[in-house]
Structures are given as C-alpha cells and as structure tokens.
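Morning, everyone. Let me put the model up, and then we can walk through it.

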Amino acid sequence: MEQLAMKELEELTLCSLCKQKFNDLDIVPKLLSCKHYFCLHCVQTSMIKGREVFCINCWKRTELLEQGPETLPTNNPILLLSDNFSAIKLGMVGASGGSNKPPDKDRKILQSENCHTHGMPLALWCHTCCAAICRACATQTEHPGHQIKSQTEAKEQLVSEVQLELMAVTKMLNEIQRLAVQQRQFLLKVLEACVTLKTHVETDLQSGWSHVPEVNEARDTLSKARSGLAQLESPGEAQSLFSTLSIEKSRLQ
C-alpha cells in the first residue's frame, strides 16, 4: 500500500477532534446517530449540551440515555483497526520489501479540513465572513454577532438564495419581453396613424382644399371684387373695395 493510502488509513484511527489515537479506555470511538464518531473524552468534555450530543461535523443532535455518553455505541471496526494498525503497517512495509517509495508527483495529497488554530474540523460556516470555521472559533470574541450555521445549513441557504435570484431574473426577463411587445404594438399604431394622416394631406392638396369653408368664402370675395372692379365709378368705391380685400387677406392669414 502506498504512503498516501497508509496516511489516510491512519487518520481513521485518530479522533478528528483531539487527534488522539483510539483505544479501549478513555479514547474509545463512540458512534453518533449521524454516523460520525469521536472519542469518549471529547464527547464528554466538548460536545454535550443538556441531554444531547451535538456533532461538530454536521451539527446534528444525538439524544443521550440516563447513563450518559458511555452508553453510546462503540465503533468496533475503527477500534479494531486502531489496535492493529501498527501490525498492518509493518506487514505492508514488509510486503513491499521495505521500500519507502515516494508517492507519484501527479498524485494530489488531500488537504486537511481542520482549523489551523484549534485543530478542530471546519464544521461551521460564518455567513458574515464567508469563511469555514470550527466550533472553537464560533465565539463572540472572534465572530461577534456573526451569522454562524452548519456547513449543511449554509449550503441549503446558498442554494435557496440562488434559486430566489433566478426566479427574480426570470420574472424581470418576462416583464421586459412583455414591455417590448407592448412598445412594438404602440409603434405600429403610431405608424398606421402617420400613414393615414399622410393620405389625408395628399388628398387635400390634390383637391385644392376645396372643402375648407374659408377658402370657398375667399373665392367668393375675389369673384365679387373682380365684378366690382369693372363697375367702379369713384375713388371712394375703389377705397371701399381695397378695404374689403385687405380685411379678407388678414382673415386668411
């Protein structure tokens, strides 16, 4: 087995909270209802609140019996692995001829998911800082008044917020499309009105505005002026005709 695989196997034999190797005394691996496991000492000192145990990985609760955390089921396969890991490691080294062949360069080593300050799993999410934190970091000193949730709850909240944003964008897009159709219909009506007005103007120009009452009255006045001009007998009559035509001119203007 390669060194990376052995390292991952060894991680299973350590408590993810205190990093102590499991044994059958006070570091017994205790299994929670969420299937995560921790040593009995960490459960007793760091994870109990009232009559419940809070998992620091997923923040789910496990109810305790009256006898306390000692009654939690022991993870026997992990305990057996921890007791025999040294022999397994020696057997693997012997089978490989004692060779300590380094891992391939292309193989990526998994990064630790524990807090660099406290060494605890980054099981929580600070929504205010947008950063993963451990349970020990979730204090009023380091994150005063911040919104802190479990990783699962933070993921669900993020998915919900993205879905709401998508719904809002979809609604806005539909509204834009509706307004675009409405504007197009309005422009078509304006164009239709312009075409109708153009037709009326062209018709009026061709007919010489004969239907306008003022034009007809002006024509009658000019006809009378022509007849009267031929019958003028005195300067007074000429002055009167001139005044009448001037008034008609002003009215038409």
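Start with Leu158, in helix α4, residues 151-207. Helices here are DSSP runs of H or I with at least four residues, strands are E runs of at least two, and both are numbered from the N terminus. Leu158 is exposed, with a relative accessible area of 52%. Exposed means over 50%, buried under 20%, and partly exposed in between, with a 1.4 Å probe and protein chains only. Areas come from the Shrake-Rupley method with a 1.4 Å probe, and for residues only the protein chains shown count as cover.

A word on the source. This is a predicted model: local features need pLDDT of at least 70, side-chain atom pairs count only at pLDDT 80 or more, and totals for chains, interfaces and linings use all residues. Residues are numbered from 1 along each chain as its sequence is written, and side-chain values use heavy atoms, with hydrogens and water left out.

Glu175 pairs with Arg178, and their closest N and O atoms are 2.6 Å apart. The criterion is a side-chain nitrogen of Lys or Arg within 4 Å of a carboxyl oxygen of Asp or Glu. The two residues are three apart in α4, so about one helical turn separates them. Glu175 is partly exposed at 35%. Arg178 is partly exposed too, at 43%.

How many salt bridges does the structure hold? Three. Another one links Lys19 to Glu11, at 3.7 Å between the closest N and O atoms. Lys19 is partly exposed at 32%, and Glu11 is partly exposed at 40%. Then there is Glu52 with Arg61, 3.8 Å from N to O. Glu52 is partly exposed at 21%, whereas Arg61 is exposed at 52%.

Now the inside. In soluble globular proteins, nonpolar side chains tend to be buried together. The largest nonpolar core here has 26 residues; Cys15, Leu17, Phe22, Leu32, Phe38 and Met47 touch the most other members. Such a core is a set of buried Ala, Val, Leu, Ile, Met, Phe, Trp, Tyr and Cys residues joined through side-chain atoms within 4.5 Å. Elements giving two or more residues to this core are β2 (37-39), α2 (40-46) and β6 (124-126). β2 gives the most, with three residues.

What does Leu17 touch? Leaving out residues up to four places away in sequence, its partners are Phe38, Cys42, Ser46, Met47, Ile56, Gly119, Met120 and Pro121. Contact means heavy atoms within 4.5 Å.

Next, Asn75. Its place is in the loop between β5 (61-63) and α3 (76-95). Buried or exposed? Asn75 is buried, at 11% relative accessible area. Beyond four places in sequence, Asn75 touches Pro29, Leu31 and Tyr37.

Last, the whole chain. There are six helices and eight strands. Their order along the sequence is α-β-β-α-β-β-β-α-β-β-β-α-α-α. Of 253 residues, 22% count as buried. Among contacts with a separation of 6 or more, 43% come from residues 24 or more positions apart. The chain exposes about 18,400 Å², with carbon and sulfur atoms supplying 58% of it.
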